[in-house]
Amino acid sequence: MQREVGTLPLAPALRARLAAAGFQTAQELLDTGPCGLSKEIGISREEALEALQVVRQECQGDAARTAGGSGATRKCTALELLEEEQTQGFIITFCSALDNILGGGVQLTKITEICGAPGVGKTQLCMQLAVDVQIPECFGGVAGEAVFIDTEGSFMVDRVVDIAAACVQHCHLIAEAQQEEDLRKALETFSLENILSHIYYFRCRDYTELLAQVYLLPEFLSEHSKVRLVVIDGIAFPFRHDFEDLSLRTRLLNGLAQQLIIIANDHKSAVVLTNQMTTRIGQSQSTLVPALGESWGHAATVRLILHWDNSQRLATLYKSPSQKESTIAYHITSHGFRDVQPPAVTHSTEGTELNPRKRPRTEEGKQ
Amino acid sequence: MDWDQFDLNPKTIAALKKADIKSVKEVLNLSGADLQRLMKLSSADIQCLLKTVSHTLRRNSMLTALQLYQDKDHFTSQHQKLSLGCSVLDNLLKGGIPLVGITELAGESSAGKTQISLQLCLCVQYPYKYGGLESGAVYICTEDVFPSKRLQQLIDQQHKLRADVPAEIIQKIRFGNSIFVEQAADLDTFQQCITRRLSLLLARGMVRLVVIDSIAALFRCEFGPAQAALKARYLQTFGAQLHSLSTRFRTPIMCVNQVWDQTASYSTGTGSRVTPALGITWANQLLMRLMVSRVSLPRHSPGAASHCAGSMRTLNVIFAPHLPPSFCYYTVQLEGVRGIK
């Protein structure tokens with residue numbers, strides 16, 4: 001193998017010794033053998049054996065990867081990436097206006113952050129997504145499972161039951177209207193108990209537990225390969241107290257963001273985080289901004305801010321690589337996250353792009 | 001920290017001891033690269049260390065939502081809630097106060113917050129079957145003196161309020177004995193109270209309700225506008241400590257809050273002109289927010305006028321993860337707080 005010694009996952013001190021002794025490629029190491037190696041660089045035979053084992057494993061791993069499997073150093077063209085993204089599923093939210101501004105729904109392999117003041121609906125949206133990710137493919141869903149990491153204790157299972165029951169009901173109505181056999185078959189496994197049994201719930205009581213849980217996630221996701229959604233509700237709560245050293249907090253959050261990006265990519269899952277809002281005192285007035293600071297703003301690919309306008313709930317797409325910034329109105333009903341009006345009423349082409357406040361007064365009167 | 005008990009390579013254990021790393025928290029606070037440098041091990045060894053340490057911390061911590069739903073155990077079930085002692089109010093809250101988390105009760109003065117709090121202190125002492133938690137309560141007063149006369153009135157009239165409970169059960173409960181009253185008029189005393197007295201009482205299982213009347217009073221005088229950051233830190237610290245106690249002992253924490261005029265430039269969803277005090281920093285710590293207010297109904301409103309000895313009040317659900325925004329009417333009678341259908 002032509003792998004350079006400097007790229008092998010050995011202890012830094014060992015690598016330095018190998019470089020000083022003149023070894024350049026992995027093949028040279030393998031040819032020398034453990035006895036020769038231990039004599040050349042002055043380490044014990046056990047250490048030499050261990051090092052050679054690591055080298056052999058790495059080389060085998062390389063061979064498997066270049067043979068065409070997917071791995072960390074895969075190369076592909078932008079066209080291939082585009083095609084892959086276009087076939088990527090979206091997790092719908094049942095609020096068609098929100099799905100539209102997101103470009104179809106919550107995207108897999110991306111991190112979406114939902115920010116908002118208390119009570120505006122962040123946890124409701126997370127619970128809705130944990131149910132919606134399980135919708136069978138013939139109904140337009142991704143047929144996945146969900147991991148829900150709760151740091152605030154706001155996951156009330158009774159509410160999830162309401163949302164799941166409404167979702168099942170909705171799918172039953174579609175199946176009856178369309179009278180197709182595969183729809184009815186899919187519904188046999190899409191029941192309330194099934195939905196609840198595929199939401200994996202973790203309760204983390206402080207940031208150390210959260211960090212540990214995220215270290216264990218890749219293994220969990222490998223065992224439960226159908227998981228397509230990881231929710232962390234909320235990411236801000238454990239990090240906003242107890243930190244005398246803010247640079248430690250920034251470092252931990254950055255590390256967390258990196259791990260989540262890797263998880264989202266490797267396991268083709270959507271990662272959804274909820275964040276709190278904090279006040280920023282400006283010149284003449286105070287505004288609400290997402291918590292955890294400016295550098296955290298770079299962690300998420302897509303940022304959604306939920307807020308109020310008098311008593312109407314609004315969602316603003318604040319940051320997205322492919323969709324433009326827009327605001328829509330939504331409702332939270334007993335069935336979950338829904339549109340403000342049934343989609344048939346709004347003008348389909350322009351309704352989602354107009355700011356709801358600019359809609360003519362007569363439509364609001366009709367509500 | 002005894003690293004030998006972990007399932008680790010002896011080389012890793014030796015490196016941990018040499019690098020003077022003393023706790024799981026320290027290991028997790030360092031990044032993979034930092035650990036590699038400190039302990040002089042390969043990245044594979046470090047990954048193994050992180051996974052082992054995380055496993056030990058998070059052993060057996062997964063539940064499915066179905067298991068949560070089917071859990072009927074008194075202590076762990078989410079279905080278990082603390083009743084308010086009145087079926088109308090319990091219906092509004094779908095059972096009562098959730099056992100884990102901070103619930104806030106905000107309102108103008110004399111709207112009925114203390115009345116509801118006292119009622120809860122009595123309700124918690126009933127058996128599980130009647131919506132209680134078979135334990136006592138801690139009442140932390142931060143401004144006024146504890147209303148012991150009113151408490152005695154309520155105790156004497158419990159049989160009238162709780163007609164659903166057999167008389168012999170009510171007679172057996174020594175209500176006054178299980179209510180622990182603490183006074184904490186300033187922040188330091190309050191801090192001491194939470195970290196020492198409260199944890200002690202909770203650890204001994206003597207109480208399963210904490211009432212703080214009121215949280216706003218602690219912050220009224222001591223902080224000027226220039227000290228907003230310090231105030232926010234205190235609020236976050238208290239919130240986190242109370243939240244942690246609530247989670248560890250599955251004990252509801254009821255915080256009474258006052259209201260101030262709505263001056264925020266951002267909208268907060270309710271149409272009212274008053275908003276609970278302490279701002280968004282405190283609101284972020286809450287699981288559920290309730291608001292009470294006095295309401296003056298027109299004289300000819302049917303049914304309601306015949307009930308009330310005083311004026312009508314409303315109990316509003318402002319936000320909760322499991323409840324829609326809703327409200328109901330109630331009155332304060334001699335025997336306690338009663339909802340009106």
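Start by selecting A:Phe94, in the loop of chain A between strand 1 (90–91) and helix 5 (96–102). Its phi is positive, about 70°, although A:Phe94 is not a glycine. Keep in mind as you go that this is a predicted model.

**Two cis peptide bonds**

Stay in chain A and select A:Asp233 and A:Gly234. The peptide bond joining A:Asp233 to A:Gly234 is cis, with omega at about -5°. To place A:Gly234, look in the loop that lies between strand 6 (227–233) and helix 11 (246–266) of chain A.

Now hop over to chain B and select B:Asp213 and B:Ser214. A cis peptide bond links B:Asp213 and B:Ser214 too, and here omega is about 0°. B:Ser214 sits in the loop between strand 7 (207–213) and helix 12 (215–220) of chain B.

Return to chain A and colour residues 277–281 and 286–290, which are strand 8 and strand 9. These two strands run antiparallel and are joined by five bridges. To line up the pair, select A:Thr278 and look across: opposite it, in strand 9 of chain A, stands A:Val289. While you are looking at strands, here is a handy rule: side chains in a regular strand alternate between the two faces of the sheet.

**Zooming out to the domains**

In chain A, domain 1 covers 5–61 and domain 2 covers 83–339. The C-alpha centres of domain 1 and domain 2 of chain A are 46 Å apart.

For chain B, colour 7–57 as domain 1, then 75–296 together with 307–339 as domain 2. Taken over C-alpha atoms, the centres of domain 1 and domain 2 of chain B are separated by 44 Å.

**Where the chains meet**

Next, show both chains and select the residues in contact. Interface size is often given as the accessible area lost when the parts come together. Between chain B and chain A, the buried area is about 4,800 Å², with 60% of it from carbon and sulfur atoms. Now highlight B:Asn29, B:Arg58 and B:Asn284: they supply 13% of the area that chain B buries against chain A, more than any other three residues.

Select strand 5 of chain A, residues 199–203, along with strand 1 of chain B. The two are antiparallel and three bridges join them. For a specific pair, pick A:Phe202, which stands opposite B:Met62 in strand 1 of chain B.

**Salt bridges to finish**

How many salt bridges are found across the interface of chain B and chain A? There are three, while a search over all chains of the whole structure finds 16. Zoom in on B:Arg58 and A:Glu209, whose side chains form a salt bridge with an N to O distance of 2.8 Å. Then select A:Glu50 and B:Lys11, another pair of side chains in a salt bridge, at 3.1 Å from N to O. This pair crosses between chains, from helix 3 (residues 45–66) of chain A to helix 1 (residues 10–18) of chain B.

Technical notes:
Residues are numbered from 1 along each chain as its sequence is written. Chains are lettered from A and ligands numbered from 1 in the order in which they are written. This is a predicted model: local features need pLDDT of at least 70, side-chain atom pairs count only at pLDDT 80 or more; totals for chains, interfaces and linings use all residues. Side-chain values use heavy atoms; hydrogens and water are left out. Buried area is the accessible area (1.4 Å probe) that two parts lose on being put together, summed over both. A salt bridge is a side-chain nitrogen of Lys or Arg within 4 Å of a carboxyl oxygen of Asp or Glu. Two strands pair if DSSP finds at least two bridges between them. Helices (H or I, at least four residues) and strands (E, at least two) are DSSP runs, numbered from the N terminus. Domain bounds come from an automatic or database domain assignment.
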